[in-house]
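Trainee: Could you walk me through how to read a few features of this fold? I'd like the general idea and then the case at hand.

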Amino acid sequence: MKKLLFVYNAHAGKAAIRTKLADIIDMMVKRGYEVTVRPTQWSGDATEIIEQTGAEYDLIVCSGGDGTLDEVVTGMMRVEERKPIGYIPMGSTNDFANSLRLPKNVLKAAEIALDGHRFACDVGRFNDNSFIYVAAFGIFTEVSYQTNQELKNLLGHAAYILEGAKSLLDIEAYSMRVEYEDVVLEGDFIYGMVSNSISVGGFKQIAGKNVLLDDGVFEVTLIKRPKNPLELNEIVTSLLTRVDNTDLIYSFKTGQIRFYTEKEVPWTLDGEYGGAHSQTVIKNWHKAVEIMVKAQEIE
């Protein structure tokens, strides 16, 4: 009998999985799986579960927000034999689920997790850690891991925006040296994003057009510190319209990038705190993990 490990975050989103849990497990059993169910108990628990026991299973299915998927992928990157991952999105934003075009309907997403098409997507290596769709620093990045779970559940996208608005009163900039390929950039940056997703923070197309999840490169956005309200307006307009008509934003693609700073900069990885670093090396692991998607949906 095939073996399936089901890891889920009972508190993600509005905890809706609790009403669907029996149906999901029944679906798994009907497809011939011997199912092991593991609700996560703490931050990082899913990573430990996969790292310690993931090799024993034929399929890993996880349910929760993008942070839960991030933990599962992180654990998978630490084992020799990587197994396919099914993802049932339950978070308040579900950026990467949107990129994978997974349905919001829980049972339809569960069907894809079990019966879908294997899609080999890129994974980001962040120093000794990993991320599935975004590594970022600066304004708004602290919002997702400082906003408490209850507020996320209640307000959804609005929670990020409301909490983020408080940060506009005091925009911190980081003096950085950034290197990629043969290019060196130096300046004071208020925001930086290295992503592999069409949606970040619930905002689609923020990473630009022609985003592919399996092309071996990241989409990078760096925003310089505005000196006055006019420059700030330039940045906002450029981000909203996706028209590159300002010298205050750098946008490019690369498979590897390095950041150097005198003081440590706090980063977020897939919406969770990723530590503070003065030297950061980000590399693209090309087609590193397989995630189940609707057949030919994102080819």
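Mentor: Let's start with handedness: a crossing is left-handed if the near helix is turned anticlockwise from the far one by less than a right angle, and right-handed if clockwise. By that rule, the crossing of α2 and α3 is right-handed. Keep in mind that this is a predicted model, where local features need pLDDT of at least 70, side-chain atom pairs count only at pLDDT 80 or more, and totals for chains, interfaces and linings use all residues. Residues are numbered from 1 along each chain as its sequence is written, and side-chain values use heavy atoms, with hydrogens and water left out.

Trainee: At what angle do α2 and α3 pack, and how far apart are their axes?

Mentor: Two packed helices are described by the angle between their axes and the distance between the axes. Axes are lines fitted to C-alpha atoms, for helices over the stretch in contact, with angles running from 0 to 180 degrees between N-to-C directions. Helices and strands here are DSSP runs numbered from the N terminus (H or I, at least four residues, for helices; E, at least two, for strands). For α2 (residues 45–53) and α3, the angle is about 30 degrees and the axes are 7 Å apart. The two are therefore roughly parallel to each other (angles under 35 degrees count as roughly parallel, over 145 as roughly antiparallel, 65 to 115 as roughly perpendicular and the rest as oblique).

Trainee: Which residues of α2 and α3 meet?

Mentor: Contact means heavy atoms within 4.5 Å. On the α2 side you have Asp45, Ala46, Thr47, Ile50 and Glu51, and they meet Glu71, Val72, Thr74, Gly75 and Met76 in α3. The residues of this contact divide into four nonpolar, three polar and three charged (Ala, Val, Leu, Ile, Met, Phe, Trp, Tyr, Cys and Pro count as nonpolar, Asp, Glu, Lys and Arg as charged, and the others, Gly among them, as polar).

Trainee: How many residues of α3 are buried?

Mentor: Buried means under 20% relative accessible area, exposed over 50%, and partly exposed in between (1.4 Å probe, protein chains only). In α3 (residues 66–76), eleven of the eleven residues are buried.

Trainee: And how many salt bridges does the structure hold?

Mentor: A salt bridge is a side-chain nitrogen of Lys or Arg within 4 Å of a carboxyl oxygen of Asp or Glu. There are nine in this structure. One of them joins Asp26 and Lys30, at 2.7 Å from N to O. An α-helix has 3.6 residues a turn, so residues three or four places apart point the same way. Asp26 and Lys30 are four residues apart in helix α1 (residues 17–30), so about one helical turn separates them. Asp26 is partly exposed at 36%, while Lys30 is exposed at 65%.

Trainee: Where is the place of Ile132?

Mentor: Ile132 sits in the loop between β6 (129–131) and β7 (134–138), and it counts as buried at 1% relative accessibility. Its C-alpha atom is 6.8 Å from that of Asp270, 138 residues apart along the chain.
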